[in-house]
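Open the structure in your viewer and keep the sequence panel beside it.

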Amino acid sequence: MPRFDFTARDRDGKLKNYGYLDMENQADGPATMTFYGDIVATEGWREDRAPQQIADFLASLIQGQQINLYFNSPGGDAYAGVAMHNILSRWQGRKVAYVDAIAASAATMPLMACDEIHLAAGAEVMIHDPWAWTAGNAAELRETAARLDKVGDHYADIYTAHAAEGVTRDQLREAMRAETWLDGSNIGQYFDVIVDETAAAAPAASASYARYKATPPALLKKAAEINTADAAKAAQAQQSRAQALLADLYLYGT
C-alpha cells in the first residue's frame, strides 16, 4: 500500500504534512508498519482516516501473519490512537513493536496493542492525560473536560491491560497525571519491554514537545536542532526557487 500522510490544517487553514504511516506487506516475511511524526487527521481534527487505512492494510494480509511496527512519533489525535489500538488488537498474528526514538501520548496506543515491545537504548515512551485545544462557554468547556476524563480513563484501562506484574491502574493513572517519560532505566517500573543495545534514532520533529510539561531537556534540544535544520532547508529551497524565477525572467522577460 502507498504511504499514508498524516496531514491537518494549521491555524491559517493550510493543509500541512506532519508525518506519515508506511505499510508494507512482505511476501515471505513479516509485514511492517512505520509510524513517523504526528498522528493527526487528514482534513481536520474531526475526521481521521488513519485507523481505516490500518484496517484496510490488515485486510490485505495473510491471516495470522506477523507484523513489525516501528515508532518515532510524539503522539497526536487521542481518539485515533484508541481506534488504532482496537483494530490492531483484533489481529490474530503476532505483533512486535520497536520504539526507534519516541512513542508518546496517542502513539502509545498502537504500541500497547503489540505482543512484544523493544525499546532502543536512549529511546523514550511517554504517558500523560490527554488534552485538547478548545473554546466555548462554561457549559461547553465542562463538556470537553468530561470527554477528556473519559478518554484518559480509556487510556488507563489499556495501559493496565499491558502493565508489568504488580502495577495497578491507580499507579498508572497517577503517572499519566504527572506526565511520565520512560526510557530503558525506568520503563520496567510500568511495562514489560525489551531494551535493545541499538542507539535511538533522532526524534521526529514536532511542536508537541514544547507543549508537554515534562519533556526531557535533551529531547527539546534535539527537536530544536531538527526544526532549525528544516527551516534552513526550506529557506534554501525558497532561495533556489527565487533564483530560478529570476533566471527565467532574464531569459524570457515578463
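**Stop 1**

Select Asp157 and Arg169: they form a salt bridge, with the closest N and O atoms 2.8 Å apart. Asp157 sits in helix α4 and Arg169 in helix α5, so this pair ties together parts that are 12 residues apart in sequence. Keep in mind that this is a predicted model.

Now color by accessibility. Asp157 is partly exposed, at a relative accessible area of 42%. Arg169 also counts as partly exposed, at 29% relative accessibility.

**Stop 2**

Arg169 belongs to helix α5 (residues 169-178) and Asp153 to helix α4, so the link spans 16 residues in sequence. Asp153 has 33% relative accessibility and counts as partly exposed.

**Stop 3: along α5**

Move on to Glu174 and Arg177. Their side chains meet in a salt bridge, 3.9 Å from N to O. How far apart are Arg177 and Glu174 in helix α5? They are three residues apart, which means a separation of about one helical turn. Arg177 is partly exposed, with a relative accessible area of 45%. Glu174 is partly exposed as well, at 47%.

Next, select Asp129, Asp153, Asp157, Arg169 and Arg173 together. Salt bridges that share partners join these residues into one network. For the whole model, the salt bridge count comes to eight.

**Stop 4: α2 against α4**

Switch to a cartoon view and show α2 with helix α4 (residues 138-161). Their axes come within 11 Å and cross at roughly 30°. Angles under 35 degrees count as roughly parallel, and α2 and α4 are therefore roughly parallel to each other. The crossing of α2 and α4 is left-handed.

From α2, pick Ala78, Tyr79, Gly81, Val82 and His85; they meet Arg147, Val151, Tyr155 and Ile158 in α4.

**Stop 5: α1 against α2**

Helix α1 covers residues 50-59, and helix α2 covers residues 78-89. The two pack at an angle of about 15°, with axes 9 Å apart. That angle makes α1 roughly parallel to α2. Look down through the pair to check the handedness: α1 passes α2 in a right-handed crossing.

Now the side chains. On the α1 side, select Ala50, Pro51, Ile54, Ala55 and Leu58. They meet Ala80, Ala83, Met84, Ile87 and Leu88 in α2. How do the residues of the contact of α1 with α2 divide? There are 10 nonpolar residues, no polar ones and no charged ones.

**Last view**

Show α1, α2 and α4 together. α2 meets α1 through residues including Ala83 and Ile87. α2 meets α4 through others, among them Val82 and His85. The crossing with α1 is right-handed, whereas the crossing with α4 is left-handed.

Technical notes:
Residues numbered from 1 in each chain as written. Predicted model: local features only at pLDDT ≥ 70, side-chain atom pairs only at ≥ 80, totals over all residues. Heavy atoms only, no water. Axes fitted to C-alpha atoms, helices over the stretch in contact; angles between N-to-C directions. Helix = DSSP H or I, 4+ residues; strand = E, 2+ residues; numbered from the N terminus. Parallel < 35°, antiparallel > 145°, perpendicular 65-115°, else oblique. Left-handed = near helix turned anticlockwise from the far one by under 90°. Contact = heavy atoms within 4.5 Å. Nonpolar A, V, L, I, M, F, W, Y, C, P; charged D, E, K, R; others polar. Salt bridge = Lys/Arg side-chain N within 4 Å of Asp/Glu carboxyl O. Buried < 20%, exposed > 50% of the residue type's maximum accessible area, 1.4 Å probe, protein only.
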